[in-house]
Amino acid sequence: MMRKNDYRKLAFMVTLLTVLFAYQKYTSREKEPFPEVTFITEASKPASLSDFDPNVLNKEQWKKLGFSEKQTATILKYKDMVGGTFTSKEQLRKCYAISEEKFNEIASFILLPELTEKENSKGVNTSGKRGITISGKFNPDQFSADDWHRMGFSERQAEAIIKYRNYLGGSFISKEKFKECFIISPENYSKLEPYILLPAKTPESFRKFAKSNTVKSKIQYHNFDPDQLNLDGWKALGFSEKQAAAIISYRDRNLQGSFKSPEELQKCFVISAEKFQEMKPYIKLQEKQQEKTDFSKTDLNIITFKQLMEFGLDERSAGSIIGFRKKLGGFMNKQQILGTYNIDQDLVQKLILKAPLDTSNVPRYTLADAPEEWLKNHPYFKYSADKIIFYRISNPDDKKIWKLLKLKPEYEERMKLYLK
């Protein structure tokens, strides 16, 4: 009996020692360091920004501005939807792939007007834009870049104002000269003008001094039509390549390719008042009769964004029609146009009753030979594209492929519009 109790005591002692040893080892163990956490941002920021025209940027150039591949694709699709051309900063701002924060970052570098004349007439809301704050009378000759920035101008605009003042010799001289600074919009100038401590007109003595110190121009002017000048033509008139490109962009984007009067040329921000007066005697605009579109002879498969606007559609409706037509490769019947999203149904109904539809140039294939890219991108086929490609490997016959697809009759019916 004593022997049995001894064994039990020994077993208990061994168990107790084992538990104590394990506990000591556990409490003395060093804690493993927590792994370092690295957060990955969704899109990279551009290293540097410079002036750019969003209408000429390709996919890679948008990505260099800090947009992701998906955002870039969306921006380019939106550009197609509005007719292939952005006409103002406000229009570009509406693209949902560009956040408000990102737009504010790039806005001052965009070579587009804030608003088109049409947007101005509609009273587009720009309340998000920073306003000008004037605390009292001031002399702009004494303002630093920080002073202009505090007033409400962006840092880049403030620097441009300082550069313009330095270009004038360190003083704006007069309200008249200050007004010529292209960074100061007419709206902002009208707010600033009552508070500016400068004479209204430029002194005659300064005009004579400037004239005597100006290097005589070597440009040999001759009569020219500003609607016909290309990049080299504007450079021959003394403009830099960047200025020439800006004038052409202003003409083609803002004025639809045509100056209606010499005064419209003067409104281009890269042409100073002095330069305009120098060129004015040689500007010879040809009289142009604006031809109205005969919609009874205009094919709905080639009608342009501009012509749709001429008929009375707004940008959204016109862009939707052009964008949907491009995806389809062309309309096969007029009901497809009425089925387009975001359109003025009543106005489009009037259009399709008047205008013809030619389907002879719309691409059509069989299910067996349709290109894979076409199947995957066409709005009517893309959801069944993988099945079609798989089934036709062993069944290169349209009737057999239809049976295997087992589609709803209405889906099959619209797909057959684009099949031989």
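Reader: Before we start, what should I know about the model and its numbering?

Author: The model is predicted, so local features need pLDDT of at least 70 and side-chain atom pairs count only at pLDDT 80 or more, while totals for chains, interfaces and linings use all residues. Residues are numbered from 1 along each chain as its sequence is written, and side-chain values use heavy atoms, with hydrogens and water left out.

Reader: Thanks! How many helices and strands does the protein have?

Author: Helices (H or I, at least four residues) and strands (E, at least two) are DSSP runs, numbered from the N terminus. Here there are 23 helices and 0 strands.

Reader: And how do I read "buried", and what share of the residues counts as buried?

Author: Buried means under 20% relative accessible area, exposed over 50%, and partly exposed in between (1.4 Å probe, protein chains only). Of the 420 residues of the protein, 36% count as buried.

Reader: Which residues of helix H19 are buried?

Author: In H19 (residues 345-354), they are Leu 347, Val 348, Leu 351 and Ile 352. These residues lie on the same side of H19, because they cover an arc of only 130° around the axis. That arc is taken from the directions from the helix axis to the C-beta atoms. On the face turned away from the buried side you will find the exposed residues Asp 346, Lys 350 and Leu 353.

Reader: What covers that buried side?

Author: The cover includes helix H16 (305-311), helix H17 (315-328) and helix H18 (334-338).

Reader: Loops next, please. Is Asn 301 buried or exposed?

Author: Asn 301 sits in the loop between helix H15 (273-279) and H16, and it is buried because its relative accessible area is 14%. Contact means heavy atoms within 4.5 Å. Leaving aside neighbours within four places in sequence, Asn 301 has contacts that include Arg 325, Phe 331, Leu 357 and Val 362.

Reader: What about Ser 154, where does it lie?

Author: Ser 154 is in the loop between helix H7 (145-151) and helix H8 (155-167). With 23% relative accessibility, Ser 154 counts as partly exposed. Beyond its neighbours within four places, Ser 154 is in contact with Ser 108 and His 149.

Reader: Now charges. How many salt bridges does the structure hold?

Author: Side chains of opposite charge can pair when their charged atoms come close. A salt bridge is a side-chain nitrogen of Lys or Arg within 4 Å of a carboxyl oxygen of Asp or Glu. The structure holds 18 of them.

Reader: Which parts does the pair of Glu 176 and Lys 201 tie together?

Author: Their side chains meet in a salt bridge at 4.0 Å, N to O. Glu 176 lies in helix H9 (residues 175-179) and Lys 201 in the loop between helix H10 (186-192) and helix H11 (204-212), so the pair ties together parts that are 25 residues apart in sequence. Glu 176 is partly exposed at 23% relative accessible area, whereas Lys 201 is exposed at 59%.

Reader: Which residues are linked in a network of salt bridges?

Author: That network links Lys 59, Glu 60, Lys 63 and Glu 69.
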